[in-house]
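Here are a few exercises to work through with the model open. Try each one before you read its solution.

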Amino acid sequence: MSNEAVLHDNHSHEHAHHDTFITKYVFSQDHKMIAKQFLITGMIWAVLGGFMSVLFRLQLGYPDSSFPWMEDLLGKWAKGGHITPEAYYALVTTHGTVLVFFVLTAGLSGTFANFLIPLQIGARDMASPFMNMLSYWFFFAASIIMMSSFFVQTGPFSGGWTAYPPLSALGDASPGSKSGMDLWIISMALFVVSSLLGGLNYIATILNMRTKGMSMTRLPLTIWALFFTAVLGVLSFPVLLSGFILLIFDRNFGTSFYLSDIFVNGVGALPNEGGSAILFQHLFWFLGHPEVYIILLPAMGMVSEILSVNSRKPIFGYMAMIGSLFAIAILAFLVWAHHMFVTGLNPFLGSVFVLLTLLIAVPSAIKVFNWLTTLWRGNIRFTPGMLFAIGFVSLFISGGLTGIWLGNSALDIHLHDTYFVVAHFHIVMGVASMFGMFAGIYHWFPKMYGKYLNNTLGYIHFWVTIAGAYMIFWPMHYEGLAGMPRRYYDFSIWESFKQFQDLNRFISVVSIMVFAVQLLFLFNFFYSIFKGRKVTTLNPWKSNTLEWTTPINPGHGNWVGEIPEVYRWPYDYGKDGVDFTPQTTPVGEEESQH
Amino acid sequence: MTMYLTIAVIILIFIVIFQIAKASEYVSVLKGEETSRKQNNKINGFLMVAFLVLGLFGVWFCNEKLFGRTLLVHDAASVEGARVDSMLWVTLAVTGIVFIGTQIVLFWFAFKYQESDKRKVYFFSHSNTLEVVWTIIPAIALTVLVVIGLRNWFLFTGEAPKNAMVVEITGKQFGWIYRYPGYDGAFGKKYYKNIDAASNTLGLIWEDELTHDDVVTEQAMYLVKGKPVKLVINSRDVIHDVGLSQFRLKMDAVPGIPTTMWFTPKYTTAEMKEITGNPNFAYEISCDQMCGNGHYSMKGIIEVVSQEEYDLWMAKQKPYYFAAFPEKDPSNAKPSDSTKLVAKTMAKN
């Protein structure tokens, strides 16, 4: 740590001295280390969540085969090598929960907000490094508790990631709703605390700690996206928490917020009257829909940045990009009931939500067209990060367009809760955001570890994953158009849906292959941390943003000496025939205006 | 054993790929990093356009293979469902054009504007005209879709026609209970605390005389072709969903909050067997809301029949009251015991 002394001289940070193993790698308050902690925890969850999908895809693809190894692995949950409905639903539920919250929320914004905000705005660390550390450790605790729910007698929660009561409130209605559900709620509550601590910090940092000259309109789009993401999270997660608290009361203290008129087989009539099961759905989706954008916006921001850097061209319509992010963030709060068109919602209310939902397509379209124009007449370098960014745009188009189908209530009334929905949200939210995350990892890995990821493995990773993702999810639209419901363990008794058996097998085979390629990426990641090609230049991508002005392996405090001053926006690529002009370059006298 | 073999093979493949990838790094050092980077760029640029072509072919191929298995190959089985289908085609046309157009542009641009020493990039940071154009065009297209959608939505969720028959459907883990109002055309009151799993599955209040002729069955729901039907949807325990894919409609069953849905069946079950060419065809009610471990097997059957067949079926149904109180059933009791009510029932039947 050669820059520690310098840092010390600059009296900028009190943590710069005497890092022990514990303070450097475990209870670190360095935003870069916390980002890596989020990333690696998120990757562990991604592998577990992906493996869960392999297990339940085996059931869907091969309902008649038995897999003895599965019994070795899952014990009574896969008696005779045949996964039980309980285990199937537990896996589906946990797959959804961890991928949505632990991977694509904590793993994505936790990683990149932590890593990029101080580096790209020119700050030495977050506004509150301690809170930042707490944010990770709350997430860690949430992870441990979620994992421990796999080991309780009655199994983990199995009522779907949306946890609708009464199913999630009544242990007698589903064994997974017994102690597995208690652990699920506690884990989620801790997770909400984690994301609030993180979010407040991100907002405070972006608003207060920009370096000299870094006005809000000179921020890279990554930062704008992360800013709106944090605002969405801070405003919506507390509502989810309140929903969970009422659920805890209903489960344990005999209240009737969500429960009314219930007779459970084998138990009898419950005393609860007067509650509304729909109330929970309102509270849940008031987070749940912004959550979609909490997942998507960071990916959009990173993709905007990466597309611009690797096209060697400015992002097209910078202000329109910010404006559309803002519009999406506002609308994200006004569309939650489109998840509830078939709950018996007031039709007038439904119509308002249709209008507002389809309105989101306008800012989304602006973003897509601006990305396409960014590529137009550029000089494109296909780094693995760039490939994933292009893949993101493709997937965002494909999945976004089916949103127009589902947001229109009269169509939703047919397609709701079918495989059409599964295809839609996996493409637009799951795979697309995952692509954004991969793009970010490939692009900023040199900054994170001072090494490059192996390019050839990156190319293989990209091409197999995008082809595979389409092969998995594209045909699911057809299943949805046949009305095939999601969350079915077995379709063999259904005259209307059993015609897709061979297709389900095909999808399962492809998903296993795609999963295997992700393991290849994982190997590339960990191998390259230690043995990867060393980064030898400060600015390997020839990028304008501030993070590339730090040393190759920045210490805690990021810059040696003064934090650089910023004189321009971050997208001066190809201006006046100059390949790139970093933000730290003062504006020349004869430079043209853009 | 095969398991371990598979794992071994996968690991072997991994090692091979990894070695190739590692070797490529050494090769690039030998060739010069810049040269090999440019080569890779060309390969990926070509793959972009190859992916586009193969992808569009894949879309066509997938459609060839799978379209025939969707519901769109034959008519919707309800009058309202036909409107869903036509709306679906319009939406498909609009989104399909945008999909093909933007995907072609995306991958074509990626291919066309791949790095070349000759090209000087065009510094193009914004254009108000362009941005206004692609704000307004999507807005217009969406307005059209919203208008079509909302007209249908208000029709579907509006009042059922006056001549509609009313059937109550109640979800429970894991099956459906159907109730018909009987000759008086009105459902008797019920209260969930009266539910008895064996003799009173819906918790009917027997003190309310309107319940005495209500018909309750778990076998199948009989509907009449061409006659609108309004479903009153309930749940006994958790949230279920009455999914009627053939009729293109669905509605949740929420405990404590009854919902409704109406539609007009267009074809009898027998006719649908012919239309679909499937002798086993059945109108299936699928539960479309996660309701517990038996969710996937929560199936109900709707039989759509002609008015005459319906009347015949209804005549065979016994009021549920008699199942609870067999001694009141006129067919079990001496004629002298029959009450006025039962006499009425018989007259109707």
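**Exercise 1.** How many residues of chain A are in contact with chain B, and how many of chain B with chain A? Then work out which element of chain A gives the most to that side.

*Solution.* Keep in mind that this is a predicted model. Start with the count: 105 residues of chain A are in contact with 98 residues of chain B. Next, look for the main contributor on chain A: helix α16 (residues 455–481) gives the most, with 11 residues. Finally, sort that side of chain A by class, and you get 64 nonpolar, 29 polar and 12 charged residues.

**Exercise 2.** Find where the cis peptide bonds at Pro166(A) and Phe174(B) sit.

*Solution.* Take chain A to begin with. Pro165(A) and Pro166(A) are joined by a cis peptide bond with omega about 5°, and Pro166(A) belongs to the loop between α6 (129–148) and α7 (179–208). Now go to chain B: the cis bond there links Gln173(B) to Phe174(B), with omega about -5°. Phe174(B) falls in the loop between β1 (165–172) and β2 (175–180).

**Exercise 3.** Asp417(A) has a positive phi, and so does Lys542(A). Is each one buried, exposed or partly exposed?

*Solution.* Asp417(A), with phi near 60°, sits in the loop between α14 (409–415) and α15 (419–449). Lys542(A), whose phi is about 50°, is in the loop between α17 (501–531) and β3 (573–575). Lys542(A) has 15 C-beta neighbours inside 10 Å, so it counts as partly exposed.

Terms used. Residues are numbered from 1 along each chain as its sequence is written. Chains are lettered from A and ligands numbered from 1 in the order in which they are written. This is a predicted model: local features need pLDDT of at least 70, side-chain atom pairs count only at pLDDT 80 or more; totals for chains, interfaces and linings use all residues. Two residues are in contact if their C-beta atoms, placed from the backbone, lie within 7 Å. Helices (H or I, at least four residues) and strands (E, at least two) are DSSP runs, numbered from the N terminus. Ala, Val, Leu, Ile, Met, Phe, Trp, Tyr, Cys and Pro count as nonpolar, Asp, Glu, Lys and Arg as charged, and the others, Gly among them, as polar. A residue is buried if 20 or more other C-beta atoms lie within 10 Å of its own, exposed if 12 or fewer, and partly exposed in between; C-beta atoms are placed from the backbone.
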